[in-house]
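This report describes one protein model for a reader who has not seen it before.

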Amino acid sequence: MVNYMEYIILDLEFNGTYSKHRHKFVNEIIEFGAVKCDEQMNIIDTFSELIAPQIAKKLNPHVTALTHITLDELKESRNTFSKVVSKFRKFLGDGVLLTWSNSDILVLMENYHYFFGNDKLSFLKYYVNLQKYCERALGYSDKAHQLGLSACAETLGITFEDDSLHRAYNDAELSALCFKALYDSELLKQYLYVCDNDFYRRVTFKNYNICDLKDPGIDKREMYFNCEVCGRRALRRSKWRLKNRSFRANFRCLRCHKDFEGRITFKQCYDHVSVTKKIAELPPKKPNHTEQHGNEQ
Ligand SMILES: [Zn+2]
């Protein structure tokens, strides 16, 4: 790795549209916004470009509502994707690219593929998913919900105008402020990827919940629950059942006589399986009509 690093935080706005030509939906990029930081996290350069759509004839109402960008503005830019990418690659140089969650880099790859027929961003050397980095740096542990950019900024006491969000440059700048507040060069090393073939396999990998108990990704030793009250290992009293892609079974704490439902999910990620456990009230028992009493006839 080079001795001196520049960090380029990129945010994109895009417009989902149907390409009749390719018979598929494309998230066509309409705006690039980026800031460049030095190693002390000072903003040393900025990048902001609109792109006139080449696939879409109009903008989605929700894109207009979110960004307040008009089609006329985009057309006035006279920019094509190709022109802006070529400017951006000069701006990026050999620096590290950071985006908030990997959706923007996936959209960039999608557009790159659409316009240039290439799956890989040939100019990209290093990449960091800033959302994952900030989640870790903040000790954010909610596996069910990803940390939003504005929530992260609020946690860090960084103030911003609500109106200014959802424009590429503003989001990139806010991401950079979050990054600066949480900058830790040692931690960053764990999140910095060299953009080789393995990186592209990783970034395009779609996580999924394992639904087959025989799947080798399932570690049966994880399939236990402790009582929420006394912390003791609870006794499983039913077979595992699959519901909403989680395995569920009835448990009882023999000490507290407490019954509960244990729910466990195994999420297959690119290079590991992420296990989540939850304790819930048991589903209410269905009325049992075969019992002796209660027959009123
Ligand atoms: Zn107990």
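In this predicted model, the buried residues of helix α7 are Ala168, Asp171, Ala172, Glu173, Leu174, Ser175, Ala176, Cys178 and Phe179. The helix itself runs over residues 168-181, which makes 14 residues. From its first C-alpha to its last, α7 reaches 20 Å, close to the 20 Å expected at 1.5 Å a residue.

What do the buried residues of α7 pack against? Their partners include both strands and helices, as listed here.

| Element packed against by the buried residues of α7 | Residues |
|---|---|
| β1 | 7-19 |
| β2 | 24-37 |
| β3 | 43-50 |
| β4 | 96-99 |
| α5 | 130-138 |
| α6 | 149-155 |

The protein as a whole has nine helices and 12 strands. Its radius of gyration is 25 Å, well over the 19 Å that the globule rule gives for 297 residues, so the protein is more spread out than a compact globule. Along the principal axes, the C-alpha atoms fill a box of roughly 80 × 50 × 40 Å.

The domain assignment gives domain 1 as residues 7-204 and domain 2 as residues 209-280. Taken over C-alpha atoms, the centres of domain 1 and domain 2 are 37 Å apart.

Two further values concern the whole protein. Of its 297 residues, 25% count as buried. Among contacts between residues at least 6 apart in sequence, 61% join residues at least 24 apart.

Technical notes. Residues numbered from 1 in each chain as written. Predicted model: local features only at pLDDT ≥ 70, side-chain atom pairs only at ≥ 80, totals over all residues. Domains from an automatic or database assignment. Helix = DSSP H or I, 4+ residues; strand = E, 2+ residues; numbered from the N terminus. Rg over C-alpha atoms; globule rule 2.2 N^0.38 Å. Buried ≥ 20, exposed ≤ 12 C-beta atoms within 10 Å, placed from the backbone. Contact = placed C-beta atoms within 7 Å. Expected span 1.5 Å × (residues − 1).
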